[in-house]
Amino acid sequence: QVQLVESGGGLVQAGGSLRLSCAASGRTFSSYAMGWFRQAPGKEREFVAAINWTGGSTIYADSVKGRFTISRDNAKNTVYLQMNGLKPEDTAGYYCAARRYLLSSSNVEYEYWGQGTQVTVSS
């Protein structure tokens, strides 16, 4: 019902910025909460940020709070993750995910996933 296509990853130096985009197809996009997760080699998938279906409520992992901002544009069927002040510890594959209605920080509660986009932060 929801297909997610991600873009915007890349290689940046510590302190730099990137904006990730997740373009969704499907007529019910506006009714889904959207989340960003990341996974580094050898580690479990980690919650980063999420936004509810209206865009009026967001949650963030403590590790990114104050540096990352999640937003969405329902008219464009797109969710964004603006990442500022990047650190080497942020290096990971970043995944966009969708869940019906409610916010969640748990990856197992999300129904749809994108393919991931790599973010690498050099020191």
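Ser71 stands opposite Tyr80 of strand β8, strands being DSSP runs (E) of at least two residues, numbered from the N terminus. This is a predicted model, in which local features need pLDDT of at least 70, side-chain atom pairs count only at pLDDT 80 or more, and totals for chains, interfaces and linings use all residues. Residues are numbered from 1 along each chain as its sequence is written, and side-chain values use heavy atoms, with hydrogens and water left out.

Strand β7 pairs with β8 (residues 78-83) in the antiparallel sense, over six bridges; two strands are said to pair if DSSP finds at least two bridges between them. Four residues lie between the strands of this hairpin, and Asn77 adopts a positive phi near 55 degrees there.

Arg67 is located in the loop between β6 (58-60) and β7 (68-73). This residue is buried, at a relative accessible area of 14% (buried means under 20%, exposed over 50% and partly exposed in between, with a 1.4 Å probe and protein chains only). The side chain of Arg67 reaches the backbone oxygen of Gly85 at 3.0 Å. When residues up to four places away in sequence are not counted, Arg67 touches Gln82, Met83, Asn84, Gly85, Leu86, Lys87 and Asp90, contact meaning heavy atoms within 4.5 Å.

Apart from neighbours within four places in sequence, the contacts of Phe29 include Arg72, Asp73, Asn74, Asn77 and Thr78. Ala24 and Met34 are also among the contacts of Phe29. The C-alpha atoms of Phe29 and Gln1 are 8.9 Å apart in space, although the two residues are 28 residues apart in sequence.

The structure contains one disulfide, defined as a pair of cysteine sulfur atoms within 2.5 Å. The disulfide is formed by Cys22 and Cys96, whose sulfur atoms are 2.2 Å apart. Distant parts of the chain are linked by this pair, since Cys22 belongs to strand β3 and Cys96 to strand β9 (residues 92-100), 74 residues apart. The link of Cys22 and Cys96 is left-handed, with -85 degrees about the S-S bond. Cys22 is buried at a relative accessible area of 0%, and Cys96 is likewise buried at 0%.

Conventions. A polar contact is a pair of N or O atoms within 3.5 Å; within protein, one must be able to donate a hydrogen and the other to accept it, and residues adjacent in sequence count only if both atoms are side-chain atoms.
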